[in-house]
Amino acid sequence: MATEQETICVPFPKPRSMSIRLPFGGKLNSVTDISKGPPTDCTLVHGLMLQLSPALASVECFLKVLKVVLALKDIDITKPASITAIITAATDAAKCFAAVVINIPFMIIDILKLLIAYLKCIIEAVRSILAFQVGINLGDAEDNPAISLSLNCAQDNAAASTAQLREALELITPLLELLKTLLSIAGAALPGPAQNATNAIPEVVDTLKLALAGGGVSVGVPGTQDTIQTLDDLKNTLEQLQDSLEALG
């Protein structure tokens, strides 16, 4: 039987992040899946495994270019076989990059759709934390140490969830940098709705960062309703962008 002093709150786990270094720079980092509750070591490892196969597939063309470079390094004009190796490697690489240029606008649109869906998930998670925190009233437990411990634990868990959402939001930063590079190559070929989304999404991210940095996302801080209204406005903006992108097919 539970005693009066026992707490009914279990602290969240603190998993260790992992990463895989990529040959052309950058890293694959383990991702916190905010849709499945508090992360564990196993969920972070699983998320990284899911990233690995598509990441390896994406560097296939670059590996073919590397093969050309290596063939050039070993060139010997007195040996016809070395010239043949360069021609073969260059032909394979050329096929890759012809398709890349055509497909970049489609890739940009798909990334924009993903970012919008991801941001909507974060907004819903922030709203849930706000609703939860508003219901925590430590004054109700002044004469009951067990309830006080439970409420303090719940408060700590809410803070931990907010910190995890900040980390989840940071995952968008490298994608936005990638978008800048892609836009410099094929931005002019994007339809209007996609160009509107590329301009609006960074602003949504900046506003969310401000909300998660403080303001209403803490217990008892005035302005919680203003934060909720801001989140609702952001969600409406994202839904309008989502509808316009879906209309592109």
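Author: Let's start with a term: a polar contact is a pair of N or O atoms within 3.5 Å; within protein, one must be able to donate a hydrogen and the other to accept it, and residues adjacent in sequence count only if both atoms are side-chain atoms. The model here is predicted, so local features need pLDDT of at least 70 and side-chain atom pairs pLDDT 80 or more, while totals for chains, interfaces and linings use all residues. Residues are numbered from 1 along each chain as its sequence is written, and side-chain values use heavy atoms, with hydrogens and water left out.

Reader: Thanks! What makes glutamine 195 and threonine 198 a polar contact?

Author: The backbone oxygen of glutamine 195 lies 2.6 Å from a polar atom of the threonine 198 side chain, which meets the distance limit of the definition. Threonine 198 is found in helix α6. Helices here are DSSP runs of H or I with at least four residues, strands are runs of E with at least two, and both are numbered from the N terminus.

Reader: Why is threonine 198 called buried?

Author: Buried means under 20% relative accessible area, exposed over 50%, and partly exposed in between (1.4 Å probe, protein chains only). Threonine 198 has 14%, so the label is buried. Contact means heavy atoms within 4.5 Å, and threonine 198 has such contacts with Leu112, Leu183 and Leu190, leaving aside neighbours within four places in sequence.

Reader: How do you know that the length of helix α6 is close to what is expected?

Author: The expected span is 1.5 Å times one less than the number of residues. Helix α6 (residues 192–213) has 22 residues, giving an expected 32 Å, and it reaches 33 Å from its first C-alpha to its last. Among its buried residues are Val205, Leu208 and Leu212.

Reader: Which residues does leucine 169 touch, beyond those up to four places away in sequence?

Author: Leucine 169 touches Leu119, Ile122, Val205, Leu208, Lys209 and Leu212. This leucine is found in helix α4 (residues 145–170). With a relative accessible area of 2%, leucine 169 is buried.

Reader: What makes lysine 209 and glutamate 170 a salt bridge?

Author: A salt bridge is a side-chain nitrogen of Lys or Arg within 4 Å of a carboxyl oxygen of Asp or Glu. The closest N and O atoms of lysine 209 and glutamate 170 are 3.7 Å apart, so the pair qualifies. Lysine 209 lies in helix α6 and glutamate 170 in helix α4, so the pair ties together parts that are 39 residues apart in sequence. Both are partly exposed: lysine 209 has a relative accessible area of 30% and glutamate 170 has 41%.

Reader: How many salt bridges does a search of the whole structure find?

Author: It finds five. One of them pairs arginine 127 with aspartate 232, at 2.8 Å from N to O. Arginine 127 is in helix α3 and aspartate 232 in helix α7, so that pair connects parts 105 residues apart in sequence. Another joins lysine 235 to glutamate 124, with the closest N and O atoms 2.7 Å apart. Here too the link is between distant parts of the chain, helix α7 (residues 224–246) and helix α3, 111 residues apart.
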